[in-house]
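Subject: Structure handover

Hello,

Here is the structure I promised to pass on. Please open it first, then read my notes below.

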Amino acid sequence: MSIAEELTMQVTTALSEALGRYLDLTSEQMKLTAGNLANVDTPGFKTQGFDFEQELARQMSTPSEAGFTAAVAQEVDGLVARPDGNNVSLDREGMELAKAQLKFRMGISLLKHEYSTVMSAIHAETK
């Protein structure tokens, strides 16, 4: 164990690790949506996406030692392509970005609550 590891105290719980993975996945979703939006005028570009719930389940079934693994993006089916072959919809991507932002804010709120609970437990012993 290095000196830095000895001096740093890590306070994690199973819930905080799960929320960390949730936030990482939400961030991946926002990056993917931003990429779709950036390519709205690229001829032949196909919208990329992933099933959030399925990826979250995959993340939760992966041992924590393995860390976060990036979501596997695929072409989104069922979208109408323009004559140039591009099927990015600004309306759809705007909604996807808003959903991802709400998920992220909720994850942050839950993580703050979890750390607050842990800190209360730590300080309860000093009273």
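**A buried asparagine**

Asn-87 is buried, with a relative accessible area of 7%. Buried means under 20% relative accessible area, exposed means over 50%, and partly exposed is in between (1.4 Å probe, protein chains only). Asn-87 sits in the loop between strand S2 (74–75) and helix H4 (90–124). Helices (H or I, at least four residues) and strands (E, at least two) are DSSP runs, numbered from the N terminus. What does Asn-87 touch, not counting residues up to four places away in sequence? The list is Phe-45, Lys-46, Thr-47, Val-76, Leu-79, Val-80 and Ala-81. A contact here means heavy atoms within 4.5 Å.

**How to read the model**

This is a predicted model, in which local features need pLDDT of at least 70 and side-chain atom pairs count only at pLDDT 80 or more, while totals for chains, interfaces and linings use all residues. Residues are numbered from 1 along each chain as its sequence is written, and side-chain values use heavy atoms, with hydrogens and water left out.

**The overall picture**

The protein has 4 helices and 2 strands. From the N terminus on, their order is α-α-β-α-β-α. Of its 127 residues, 28% count as buried. Take the contacts in the protein with a separation of 6 or more: residues 24 or more positions apart account for 76% of them. The accessible surface comes to about 8400 Å². Carbon and sulfur atoms hold 59% of that surface. These areas come from the Shrake-Rupley method with a 1.4 Å probe; for residues, only the protein chains shown count as cover.

**The core**

Which residues make up the largest nonpolar core? There are 9: Leu-19, Tyr-22, Leu-23, Leu-25, Leu-32, Phe-50, Phe-52, Ala-71 and Leu-111. Helix H2 (residues 14–38) gives the largest share, with 5 residues. A nonpolar core is a set of buried Ala, Val, Leu, Ile, Met, Phe, Trp, Tyr and Cys residues joined through side-chain atoms within 4.5 Å. Look at Leu-23 in that set. Leaving out residues up to four places away in sequence, Leu-23 touches Phe-104, Gly-107, Ile-108 and Leu-111.

The structure holds 1 aromatic pair. The rings of Tyr-22 and Phe-52 have centres 5.6 Å apart and planes at 90°, so the pair is edge-to-face. The rule covers rings of Phe, Tyr and Trp (its six-membered ring): they pair if their centres lie within 6.5 Å, and planes under 30 degrees apart count as stacked, over 60 as edge-to-face and the rest as tilted. Tyr-22 lies in helix H2 and Phe-52 in helix H3 (residues 52–61), so the pair ties together parts that are 30 residues apart in sequence. Both Tyr-22 and Phe-52 are buried.

Lys-103 lies over the face of Phe-52, at 3.9 Å from the ring centre. A charge sits over a ring if NZ of Lys or CZ of Arg is within 6 Å of the ring centre and within 35 degrees of the ring normal.

Thr-26 meets these residues too. Thr-26 is in helix H2 and counts as buried, at 0% relative accessibility. Setting aside neighbours within four places in sequence, Thr-26 is in contact with Phe-52, Ala-100, Lys-103 and Phe-104. Leu-102 makes a contrast. Leu-102 is in helix H4 and is exposed, with a relative accessible area of 56%.

**Salt bridges**

Side chains of opposite charge can pair when their charged atoms come close. A salt bridge is a side-chain nitrogen of Lys or Arg within 4 Å of a carboxyl oxygen of Asp or Glu. The count comes to 3.

- Glu-55 and Arg-58 meet at 2.7 Å, N to O. Both lie in helix H3, 3 residues apart, about one turn of the helix. Glu-55 is buried at 9%, while Arg-58 is partly exposed at 30%.
- Arg-92 pairs with Glu-93, the closest N and O atoms being 2.6 Å apart. Arg-92 is partly exposed at 23%; Glu-93 is buried at 0%.
- Lys-99 and Glu-96 meet at 3.4 Å, N to O. They are 3 residues apart in helix H4, so about one helical turn separates them. Lys-99 is partly exposed at 41%, and Glu-96 is buried at 17%.

Best wishes
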